[in-house]
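The sequence and the coordinates are shown first, and the description follows.

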Amino acid sequence: MVDHVQLAQQLFKEQKYSAAAEQLKLAYETQPNPLFLFNAGQAYRKAMWPLESKQMYERFVEAAPDHPLVPEAKGYIQTLTSLIEERQAKQKVELTLIEKQGELQEQVRKREEAQRALERAKNPPIYRKPWFWAVTGGAVAAVGVTLIVSLAVSARFRTDGPIISVSY
Amino acid sequence: MSLFRTRSVSAALLGLLMSGAVGCGPDFKLILTNIPSDADTLYFLTRTDILNSSGQVVQSKVSKPKSESIRSLSASQRELYSYGLTLDGAPVAASDQNRQSIVSVAATQNSTVLRIGESAPVVMTTQFLDLQISFDSLASPPRPMLGTKNLNKDMFMTEARRFLTLDGQLNGILRLEIIGWNFPTDVQAKLSIPNYPAAGQSIELTNCKTTYDSPSTLTVEWPTPKPAVVNTGMPMQMPMPTPLPSYVIDLINNPTQTALGISLSNTDGSRADDWTQGGQRSM
C-alpha cells in the first residue's frame, strides 16, 4: 500500500509541488485528516496553481473550522482570491487587447483591401479596359479578314504554269 | 503610352498581313486556250500605257520579249493553261491615271510562227486581272518562217494588209497595216515594187509615213501621186481627176501577183527586217 503522505513529503522536498498536492489529496481520501487539505493547499500555492490552492484551503476551513490554522488558511484564501481576480482581470485585459488588436488588424486589412480595390478601379488591368477589347477585337477581325483575303488572293494567284516576268 | 504602343503594334501587324496578302503576286493570270498542239515555244511581249483622266496616253513602255518552252505540255493542258505574268518595271499610274496593258503572244515550232497576235487593251483597275487569249482567234501568219530571226530580240514582220484609202483632200493613200513582232518605236518603213513588169524595173514608193501602233502593229501610208492641175478655161482652176498609176491598182487588186517590198529598220539600224510580200516570191 502506497504511503501517500510520505510520497507527498518526498515530492514536496523535491519541489514537485503539484504532484505532492495530488498525493495529499489521495491521502485525504483514504484518511480524512483536514491537515492533508491544508498541506495540499500549501503545495498548490507553491506550484503557483492559485485556483486549486484556494479550493484546498476552502475545503480545509469547511472541514475543520476550529483548527488553529484556519486564520492562516483564510488569509491565503483572501490573498489567492485577489490574485485570481487580478489574473482574471489581467487575462480579460489581455483578451480585450488581443480582441482589439484583432479588430485593428481586421480594420487595417479591410482598409488595405479597400485601397487595393480603389486602385484596381482607378487603374484596372489591361484586359478590363474597353479599348483593349476594341483593339483586340479589331485585330482579330482584321486578321480574319486578311486570312480570308489571303486565301482568296492565293486562289486567284494559282496558275498551272510558272510566273513569267517580263521586264521593261 | 502603353495604349499607343499596343495600337501601333496592332496597326503594324495588320499592315504587314495586308501587304503580304495583297501586295505580292503577278499582275495577270494569263489564261491560254487551244495552244497549237505542235507549238514548242511561246513568246510574250507587253506594252503598258499610262492614260490620263481624259484617256490620253501620257506614257508608253514596251517590255523585252520573253520566251517560255511548252514542249512538256500535254494535249489536255494545251486546251486550257494558265501562267502568272508579272510586269517588272512597267510604268506606274498616279492616282488620277489608269494603267492599260496589251499582251502580244506568239506560238512557234522551231523557226516557224504558228500563231501570232495580241490581246485587247486591258485597263488595270485592280491589282490582279485574268486575261484570256484564245489561239484560235489569232492569225496564222502568211509569213511564218523566221529564218535566222530570234523573237527574243529581233524585229519580224508576219503579215501586211494592203488598203487604198483617201485623205482629206480626196487624194489616194496606199495604206499598209503590218503585223509582226518586237517593232521598235522609232521604226521606219521603206516600200518598193520590185521588178514591176509593166515598167520593167523596180519602183520606189518614196515619202512613206510610218506610224508605230504597238510592238506588233504598224501602219505605213504612202500618198499616191497627186492629180495634175489643168487649165480648163473656166474662171476657177479645178483639179481634174487622173487615173491612179497602174502599179497602185495592181498592188490592191492583184496582191498575190504584185510584189511589195517592205523594209523596216530603226534609227540606229540595230534592228531591221526585209520582206517581199506577194508576187512570185512570198518569203
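## A helix pair in chain A

Helix α2 (residues 17–30) of chain A and helix α3 (residues 34–46) of chain A have axes that come within 8 Å and cross at roughly 165 degrees. Axes here are lines fitted to C-alpha atoms, for helices over the stretch in contact, with angles from 0 to 180 degrees between N-to-C directions. Since angles over 145 degrees count as roughly antiparallel, α2(A) and α3(A) are therefore roughly antiparallel to each other. The crossing of α2(A) and α3(A) is left-handed, a term used if the near helix is turned anticlockwise from the far one by less than a right angle.

On the α2(A) side, the contact involves residues including A:Tyr17, A:Leu24 and A:Tyr28, and on the α3(A) side residues including A:Phe36, A:Leu37 and A:Tyr44. Two residues are in contact if their C-beta atoms, placed from the backbone, lie within 7 Å. The residues of this contact comprise 11 nonpolar, two polar and two charged. Ala, Val, Leu, Ile, Met, Phe, Trp, Tyr, Cys and Pro count as nonpolar, Asp, Glu, Lys and Arg as charged, and the others, Gly among them, as polar.

## Basis of the description

This is a predicted model, in which local features need pLDDT of at least 70 and side-chain atom pairs count only at pLDDT 80 or more, while totals for chains, interfaces and linings use all residues. Residues are numbered from 1 along each chain as its sequence is written, and chains are lettered from A and ligands numbered from 1 in the order in which they are written.

## Chain A as a whole

Chain A contains six helices and one strand, arranged from the N terminus as α-α-α-α-α-α-β. Helices (H or I, at least four residues) and strands (E, at least two) are DSSP runs. Of the 168 residues in chain A, 19% are buried, that is, with 20 or more other C-beta atoms within 10 Å of their own.

## Strands of chain B

In chain B, four strands form an open sheet in the order β13-β12-β16-β17, with antiparallel pairing. Its edge strands, β13 (201–205) and β17 (272–277), each pair on one side only. Two strands pair if DSSP finds at least two bridges between them. Six bridges link β16 (residues 260–265) to β17(B), and B:Leu264 stands opposite B:Asp273 in β17(B).

Strands β10 (residues 156–166) and β11 (residues 172–181) of chain B pair in the antiparallel sense over 10 bridges; B:Ala160 has B:Ile178 of β11(B) as its bridge partner. Strand β11(B) is also joined by seven bridges to β15 (residues 217–223) of chain B, running antiparallel.

Terms used:
Angles under 35 degrees count as roughly parallel, over 145 as roughly antiparallel, 65 to 115 as roughly perpendicular and the rest as oblique. A residue is buried if 20 or more other C-beta atoms lie within 10 Å of its own, exposed if 12 or fewer, and partly exposed in between; C-beta atoms are placed from the backbone.
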